[in-house]
Structure formats: C-alpha cells, structure tokens
Amino acid sequence: MGRGGAAPQSNPLIGKNLTYFPKDHQADLTVFRFIHTMANEERQVLNKMGRDVRGGMKRFSAVLEQFPPPTDDGKRPRLTAKQQRLFNSMRLQEADDKYCEGCPIMGSYPIRRVTRNPGRLVFRKFVGNQEIARVSIHDSEPFCEKCEFNVTAIMVTTKTRLFYIQQLLYRWRDPMLIVVNGKVEEEKAIIDYLREHYIPKRLTLLIYLVSPRNPQYKTFPVNMLRNLAIRNVRTSHYMIMDMDMWPTLNVNEELNALPDKVKYGKKNAVILPIFFFSRGRVHSRCWSFKECVHLGLNLMPENKKELASCILTRICESRKPGIRTHLYVHPEWYAFPPSVHVARITCMLADFQEPYVLLKRSPETPLFDERFVNYGYNKVQLIEHLRAMGYHFYILTQAFAMDIPHEDSEFRKDYLTAFRAKELPMREVYSVFQRELNKNYSSIVNFPICKNVLRCFSTIPKTMRCVDITKYGGPEVMKVVTRDVPTPKKGEMLIKVAAAAINRPDVIQRQGMYPPPKGASNIPGLECSGTVVAVTEDCLDFKVGDKVCGILTGGGYAEYVPMSAMCALPVPKNTDMIHAAAICESFFTAYSNVFMRGQLKPGESFMVHGGTSGIGTSAIQMAKAFGNKVYTTAEGPEKVAACKKLGADVVIDYTKEDFFEVIKAETKKRGVDVILDFIGGDYAEKNIKLLAEDGRMVIIGFLKGPRVNISLNPILLKRLTITGSTLRSRPLEFKHEVAMEVYKRVWPLIETGKLSPLIHATMPLDDVVKAHTMMEKNEQVGKIVLTME
C-alpha cells in the first residue's frame, strides 16, 4: 500500500500531532498472536528435522551444565578446579602458529599513543596497524559502481569490546570496518590495543573520541558513526552488523553464492538472520564480558542442525521474548535445503523491525538518520526507510549470526528506565521521522506487512499417485500408479498439484508419436496449478506456500511435480485452481505463436483452426482483446455458437461449408494477415492461398499429417512468411520470455474477467482414461481438467 492518506491520530505519549506509527502499523495484540503461532509451528518444524537434531541437544545441555547458575541469594557459586580449567581452556580462536589475525604480538607496533591538544575531537584512521595521515570525518570514498561483488562488515563499538576483534576476524573473512567511539581520555588504552595486536589490512579502524567540550560527550551518536563507516567503505556492498553479533563461519561463502539478481538488483536488502541465547538459561551464568564471551563461544551453533538442537534445548531462541523487532525468520526457514542460499521475503510480520542487512553502496541507498542517538530506534528507522522506498527483502538461508551474551550497556539501561517511565526522547524523533516518510514517499508502494502468519511448512510424502503410460496405444494404456515424489533440480520448485489440464500433445505422446524431451518426466501433463512446497537454489520469485500455475516438459498428471521457476506465474487474482490449471499451455502457445512469431498487430485480421480447442479458445479471446478481426472453424452448431460467444467475428462450420470459400468471400479476396494452424495436411494449400500480401502462417501441429503438396508460387508473389514452432522443447530462457510477456499483457485481462480459459469438464485423476477418450472423440469445447483431490 502507499504511504499517503488521511492525517494520523496524535499519540498521547508524545508531542502534539506527531505520527509515531507508520500507516500499516501492526497492532501489538496481533503481533503477539503471530509470535505465539510462529513459536508453535517452529517447534513442529524442528521436531520433524530428524534424529540428528535431537541427538545434538545433548552437547548443548552438557556445556551449560559446566557453568552453574547463581545461587538462591543471587551470588555466583565458586567454580571447581575442573570447571576453572575448562573455562580457561576456551579460546576465542584456534590460531595458526604462523598467522593469527587479531592476536597479541611480541613487542609492539610504533604507533603514536595520544594526541596532543585534542580539542573537542580526536579522529584517527588505521588500515591494519598502519595509521593514515591527514584524515577528516568528512572524507568519503568514491562509489564503486563497476567493482566486483565484495562486502565490508561495518560495526560501531567502544574500547570494552575491542577484545572481540580476534574472533570477528576469524568469522568474517572479507573487509571489515569498525568505528571505535569513546572519550579522549580512553585514547591511550585504545592505541595500546592496536600497538600490541596484529591487525590485518582488511580491517579498517576509525577512532572517534570526544572531549568534555564536545556536545556528544554524554551521548552515543551511533547513527552518525555508522554513516562515518559507510562513507569509508571501498567495496561494492556493506553489511550492517554489531560487535555482539557473531556470524557462522560460512557467512562470506553464502554471500558470494547469492544470485546476480540479488547482488546487483536495485533496491535489494539481504537479511542476515539473528538468533539469541536465552537470558534465563545462559546470561545468568556469566558475570562479565569475557566470561559471557567464553560461554557463548562454547555454545555457538555453526550450522542449521546445531541451531535447531540449541533451540530445542531452549538455550537458543529465534526472537527476544516480548519484543517485536526480530520477527523475520519464519518456520519455513529451517526447512530450506543446503542448495538454497537465499529466499525472498514477501512481507514482514510487523513494522518496527531491525534486522542486520546487506546493502549496495550507491548514492541511492539511504544512510542512517543521524538524529537518532543512544539506544533504541536507530536501526528500526533505517529498515522503515527502506520499506517506504519499496525495497525488496531477502534472507540468507544457510548462514546466521548469534547475539553473544553480554551485559547491558549503560545506554540500554537508561533506555529501559526511560521506557518504564514513558519518557523516550527518541520516540518523538521517530514520530517526526515517520511523518516525513509518509510525506516523502506517499506515491510509492512500500514493502508490505503480513496480514497473517505464513503457514508455509508442509510435510512432503515419499510417494505419490500419478499416471503411467504402460505402453503406446489408446486411452486404456494409462494406469494410476504409485511412484516416488520427484526431487526438484536447481532453479525448480516442487509443486503439490491441485489440477492438471489435458492437451492434445498428451494424447499424441500416449500414442507414441511425441516423446518427451531428454531429461523430462515420462508422466504426461504439460501444465498444472498447485502450491509450492519446496524451492531450490535461484528460485527467488516464489516461496513455499505460493499458489502458482505454469508449463511443464512433463509430469503434470501427478500429485507432485517439479516446475521451473522460469515457467511459472502466480495464480491470477479471482481465479480458482481449476481454471488456473487450464491457462498456461494454451495461452503461452497461442501468444508466442500469434503475437511474437506471427507478429499480429492491432487492426489486422486473424484466423485459427479448431476454435473450440484449448489453443483456439485462447487465441480467439486474445486476438479480440487486442483489436483484431477473428475468423475460425468449428464442428457443429454447438461449437460454432461457443466460438461466437468467445468473440469470433466469422465462424465456419467446416462440416457444412468450405472455409476457403467463405473467408475468400468475407475478405473480398484480400485474405487474412495471420493464420495459426495445427491441422496441416490438405489445409496447408488453402491456408497459403488465403493469406493476404505479406501474410504470415504459423504451424504448430498437423493433425491431418505433416506431408503436403503445395505450390510455392503464392509465397513468392505475396511475400508470405511460413513458419512454425513447438514450445515443449524450447530453452527455459525463451519460455521465461513468453511467461513475462503473458504476465504483462494477458494476466491483467484474466484478473479483470475479460479473458478466461473455457472449461469443458473436470474429472478426478482416476478418470484419466475417460478424459482422454473424450478428447480423442473431440467432444470438448475448451479444456478438460484432472483434479488431484
């Protein structure tokens, strides 16, 4: 929805006429209902992940038992000698003997310790252990529009967390940029750390220290510091992170595996999902930064199976209890296979989210709003800004980060105190900010808020019912059998089929005259509708739970079928699954041959044989919708009437009249501009004679045979184009081109009811023999559809 509309109501907690919430604000009651539903579904998903997940639960419980909780009076119990040795043996990194990034060194680097006469601000820049001279907080690196994909992690910290650097360098293998904020009196301690530790050149450190004379002395200008980091990024992209958020070891590998569509597309944000250690079970067992780090590191899950085990033991959590800011990991996230690196998010469960995101560094990417200082609202405002601009959100599916246990900062403690007292200055800033978003982006459709929890995880059985062609022959050779559910390949999604339409090529395949392409399923069925139950790598336009329809190279007469995402489209609005199953093969074939290959233009005349066939009914409707005069042939008064009802201008009953003579008379011997023919045989010569000058005939089949005896003379004299095509064996890229053209030009007409597939009959899968018998007798007017339930 857009961000315009009536003026919002004022909030009594803030200043007069301030807009605290966005227009699509999700009420707290609804959010907490969603959280409850998500928690239940998440546990169901995790419990179904198998023995490996449940077996890993013992490790996490065993580690936690090594660190006793506080006693009843709140005092920490004394560690035993064995526990003390365990605690001391935990390292931040298993360092290589020759090379250890972030590790202490023997001796020290020759770095100037303090700044003489610092004034109001000390600003220093280091690339590795080398200080860069003559720098300014206003410096900005040029944008790297043509650079290869590379990501810089940006963070803001204070001197108390500098010891995290060693582990962060171990976990993040690409460039990193950290802004260290503090007071001028802390300069010596910060520089001593740099003097005594090896810092690789891929880490840039910006030291930003203020004196008591600086207005920022008692504040934490976090968004200003983040923007300072962004301006110093030299790579194509940057990842917004915090020092406490430690990623899994595969994070850079997963980012590099992102499809180019996600890497380089405009207005894309990729979320690194964050998980948390339980405050009740973990945070209570450590009493200092370093103790919490050691405990968190030993509990750190490094892959999704370990994460699932950690969540099931209630040591890890997918969201903070009672807080709405991290609600972007849906239960389906755990079920994505290793081949899927990223998934598209179609909506957020709530506004007021603060995920950690990958963004492209460009002039169009918004920076943080520097009015936000201290704790609260600072990341939320950026995500709301991206939503208002219409950004697309994706989420990594194999990498994640853990919020390492740590004490609350003084700024968070102050925020919680103010929150309880309902005295939050940043809330008023956020209110003003939201009003500005509403005004500045009123004409843009923002990224949506979910209307309900996406119940996307479904159990996929091992076997399915499908149709088998036992031998070539009549309809009776088809049997309903049980086979294993197929596994989708890269770029495909697995569809739980709702309905599958029957097409003439299915009959010809059954007769042994139209074998499936190499690698395609031998189960008949070239189109279907259904629900996505699994997706694979590069399948970014659809997600589990989506209702889709599309074309197939085979396999539609089954309960489950893999479908290429390039050949699929969302089910049109106001269309049921039976009608959706009958759209794609006929409309794709007719559109690609009549309007792409045949180049039919508005105002030209068009003829299609077999007007009541699936392709015929589709071609008639599209040609009329796009401004063409339509001629067609049909058998018997019932079918003639059906074609006229679809909009055909002239319908010839070929059992009573010669279509050649009728159209010749109707056009006053001029002929028609485009003919779509799947009859062949003796129709070919008549079609050529009926074409107008510069006419085009597109052949897509030959029910009356492929061999003809024709004169080539009319082709020369009238400059005719005779061409043909099949769709089933064409490359995916061409099918995708057709799908996008149909989606752009035809889908709106279907959704408004101006076009619709004509359904003659629906039958259950078990009646497939009856359905094929009906088609062989040419009894149908429109499509015959098989249903799976």
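**Figure 1. Strand β11 (residues 342-345) contributes the most residues, 3, to the lining of the largest cavity.** The model is predicted: local features need pLDDT of at least 70 and side-chain atom pairs count only at pLDDT 80 or more, while totals for chains, interfaces and linings use all residues. Residues are numbered from 1 along each chain as its sequence is written, and side-chain values use heavy atoms, with hydrogens and water left out. Strands (E, at least two residues) and helices (H or I, at least four) are DSSP runs numbered from the N terminus. A cavity is a set of points, on a 1 Å grid over the protein atoms alone, where a 1.4 Å probe fits but cannot get out; lining residues have an atom within 4 Å of a point. The largest cavity holds about 110 Å³ of space, a volume being the space filled by probe spheres set on the points, which are joined across faces, edges and corners. Its lining has 14 residues, and His 330, Glu 332, Arg 344, Ile 345 and Ile 395 lie nearest the centre. By class, the lining has 9 nonpolar, 2 polar and 3 charged residues. Here Ala, Val, Leu, Ile, Met, Phe, Trp, Tyr, Cys and Pro count as nonpolar, Asp, Glu, Lys and Arg as charged, and the others, Gly among them, as polar. The model has 5 cavities of 30 Å³ or more.

**Figure 2. Helices α16 (residues 584-597) and α22 (residues 732-745) pack at an angle of about 90°, with axes 10 Å apart.** The two helices are therefore roughly perpendicular, a term for angles of 65 to 115 degrees. Axes are lines fitted to C-alpha atoms, for helices over the stretch in contact, and angles between N-to-C directions run from 0 to 180 degrees. Contact means heavy atoms within 4.5 Å. Among the residues making it are Phe 587, Phe 588 and Tyr 591 of α16, and Phe 734, Val 738 and Arg 745 of α22. The contact comprises 8 nonpolar, 1 polar and 3 charged residues.

**Figure 3. An open sheet of 6 strands has the order β24-β23-β22-β25-β26-β27, with parallel pairing.** Two strands pair if DSSP finds at least two bridges between them. The edge strands, β24 (650-653) and β27 (721-724), each pair on one side only. From one strand to the next, the twist averages 15°.

**Figure 4. Strands β22 (residues 605-608) and β23 (residues 629-634) run parallel and are joined by 4 bridges.** Phe 606 stands opposite Val 630 in β23. Helix α18 (residues 636-646) lies across β23 and β24, at about 165° to β24.

Key: Angles under 35 degrees count as roughly parallel, over 145 as roughly antiparallel, 65 to 115 as roughly perpendicular and the rest as oblique. On a 1 Å grid over the protein atoms alone, a cavity is a set of points where a 1.4 Å probe fits but cannot get out, and a pocket is an open set with protein on both sides within 12 Å along at least five of seven lines; lining residues have an atom within 4 Å of a point.
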